[in-house]
Amino acid sequence: MDSQHQPLETLQDIKRIMERSSRFISLSGWSGVSAGICALIGAWVAHSRLGSFIVYQTARTHKGVYNEYNAYTSTELFTDLIVIAVVTFIAAFVSAFFFTYIRSRRNGVPLWDRTVQRLTWNTILPMAVGGIMLLRALQMGYYELVAPGCLIFYGLALVNASKYTLGEVRYLGYGQIFLGILNLWIINEGLYFWAAGFGVLHILYGAVMWWKYER
Amino acid sequence: MKNPIGNLNKIFDSRIRLGVMSILMVNEEVSFNDLKQMMEVTDGNLASHLVNLEENGFIKVHKGFIGRKTNTTYSITKAGEKAFREHIEALENMIKGVR
C-alpha cells in the first residue's frame, strides 16, 4: 500500500463524511429547470388573464361594446390569479421533488434523513412567515407588494437553506432578493420580475448545477 | 527530525471512530441510528467504538426517550474537538512533508 497517500485519503474521507452528514447533496439541477418552466408557464397564463381583464375594463368604459354577460370582474381576476399561483406552486414543487427523488435513488441516499429534515424546516420557516405577511398585504389591498414580497422572502429562504444543501443555492437566493428589492421601486411590473426570478433564474441555476454535478 | 506520526492520535486509527468524530464535528447532536445509517456499520460494532470514544472523554452521551423508545444522542466534547483538530493537523503536516 502506498503509505504516502494514506493521510491524504483519510483527509478526503473526513471531508466527505462531514459534507454528507450535514448537507443534503441530492438536490437535482433538473428540479431547478422544471420549477422555472412551471413558473414561466404560470406567469404567461397570469399575463393573459390580466390582459383580458384590461380588455373588459376598457370595453366597460365605451358604452355599447360592454356586455354584462361576458364581463370579467376584478373579483374573478383575483380568484383566477390565486388559482394560477397555487397550481404553479404545486406543479413546480411536485416536478422538483420528482427529479430530486430520482437523483437520491440513484445515489443510494435516503430521501428523508436528518439533513433533509433540517433543509426542509429551514426553507419552510422564512417562506411561511413571508406567506403570512403577503396574505395580510392582499387583505389590505397592497397587491403591488405580492410579487416583490414573494421574491424577497423566497430569496431569504434560499440563502438560509444554502447552509444545509449545495452552497450555490445561496447565489440563487441573492438573485431573488436583488430582483425583489428592485421590484419594490418598479412596482407595476411585478409579473415580469416574478417571471424573471422564479422562471429565468431557476432555469439558469438548474442548468448550471446540472452542468457542474450531474453531467 | 521529529517523527510526524507522533502527533497522530492512536484513537482515530479506526475508520469508524474517525467517521463518528467527523460527523460530530459538524453536527450538534446526532442519534445512534443516524450515526449507524451514515457510517453503514452494525449496532454492536458502532456501540463498542462509541464506548471507547466516551471513555476517552471525546464524546458526550445523552440518553433520552421519544415516547417509550430510547433515543440516545451523541455530541462532541471540547477535548474531543481539540484532539480531532490536532489529528487533522498532523495528517496535513504529513502530506506537506511528503511534497
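**Note on the predicted two-chain model**

1. Just after helix H4 of chain A, Gly141(A) adopts a positive phi of about 90 degrees. The structure discussed here is a predicted model, and every value below should be read accordingly.

2. Helix H4(A) itself comprises 26 residues. From its first C-alpha to its last it reaches 37 Å, close to the 38 Å expected at 1.5 Å a residue. Its buried residues include Thr115(A), Val116(A), Leu119(A), Asn122(A) and Thr123(A). Further along the helix, Pro126(A), Gly130(A), Leu134(A), Ala137(A) and Leu138(A) are buried as well. The partners against which the buried residues of H4(A) pack are H1, helix H3 (74–107) and helix H5 (146–161) of chain A.

3. The contact between the two chains draws on 17 residues from chain A and 21 residues from chain B. The size of an interface is often given as the accessible area lost when the parts come together. For chain A and chain B, about 1600 Å² is buried between them, and 68% of it lies on carbon and sulfur atoms.

4. As to polar interactions across this interface, three residue pairs are in polar contact, counting pairs with both residues at pLDDT 80 or more. On the side of chain A that touches chain B, helix H1 (6–22) and helix H4 (114–139) each supply at least two residues. H1(A) gives the most to that side, with twelve residues. Sorted by class, the side of chain A that touches chain B holds seven nonpolar, four polar and six charged residues.

5. How many salt bridges cross the interface of chain A and chain B? The rule finds one, whereas the count over all chains comes to eight. Arg15(B) belongs to helix H1 (residues 15–26) of chain B and Asp13(A) to helix H1 of chain A, so the pair joins two chains.

6. The setting of this pair deserves a separate remark. Arg15(B) is partly exposed, with a relative accessible area of 48%, and Asp13(A) is also partly exposed, at 24%. Asp13(A), Arg16(A) and Arg15(B) are linked in a network of salt bridges.

7. Within chain A, Arg103(A) forms a salt bridge with Glu214(A), with 3.9 Å between the closest N and O atoms. Arg103(A) is located in helix H3 of chain A and Glu214(A) in helix H7 (residues 190–214) of chain A, so the pair ties together parts that are 111 residues apart in sequence. Is this pair buried or exposed? Arg103(A) is buried, and Glu214(A) is buried too.

8. The side chains of Lys82(B) and Glu86(B) meet at 3.4 Å, N to O. Both residues lie in helix H4 (residues 78–98) of chain B, four residues apart, about one turn of the helix. Lys82(B) counts as exposed at 54% relative accessibility, while Glu86(B), at 40%, counts as partly exposed.

9. The overall build of chain B may be stated briefly. Chain B contains four helices and three strands, in the order α-β-α-α-β-β-α from the N terminus on. The C-alpha trace of chain B spans about 55 × 25 × 20 Å along its principal axes. Chain B has 99 residues, of which 43% count as buried. Among its contacts between residues at least 6 apart in sequence, 56% join residues at least 24 apart.

10. Leaving aside residues up to four places away in sequence, Arg17(B) touches Ile11(B), His49(B), Asn52(B) and Leu53(B). Its side chain reaches the backbone oxygen of Ile11(B) at 3.2 Å. The C-alpha atoms of Arg17(B) and Glu81(B) are separated by 13 Å, the two residues being 64 residues apart along the chain.

How values were computed:
Residues are numbered from 1 along each chain as its sequence is written. Chains are lettered from A and ligands numbered from 1 in the order in which they are written. This is a predicted model: local features need pLDDT of at least 70, side-chain atom pairs count only at pLDDT 80 or more; totals for chains, interfaces and linings use all residues. Side-chain values use heavy atoms; hydrogens and water are left out. Contact means heavy atoms within 4.5 Å. Buried area is the accessible area (1.4 Å probe) that two parts lose on being put together, summed over both. A salt bridge is a side-chain nitrogen of Lys or Arg within 4 Å of a carboxyl oxygen of Asp or Glu. A polar contact is a pair of N or O atoms within 3.5 Å; within protein, one must be able to donate a hydrogen and the other to accept it, and residues adjacent in sequence count only if both atoms are side-chain atoms. Ala, Val, Leu, Ile, Met, Phe, Trp, Tyr, Cys and Pro count as nonpolar, Asp, Glu, Lys and Arg as charged, and the others, Gly among them, as polar. The expected span of a helix is 1.5 Å times one less than its number of residues. Buried means under 20% relative accessible area, exposed over 50%, partly exposed in between (1.4 Å probe, protein chains only).
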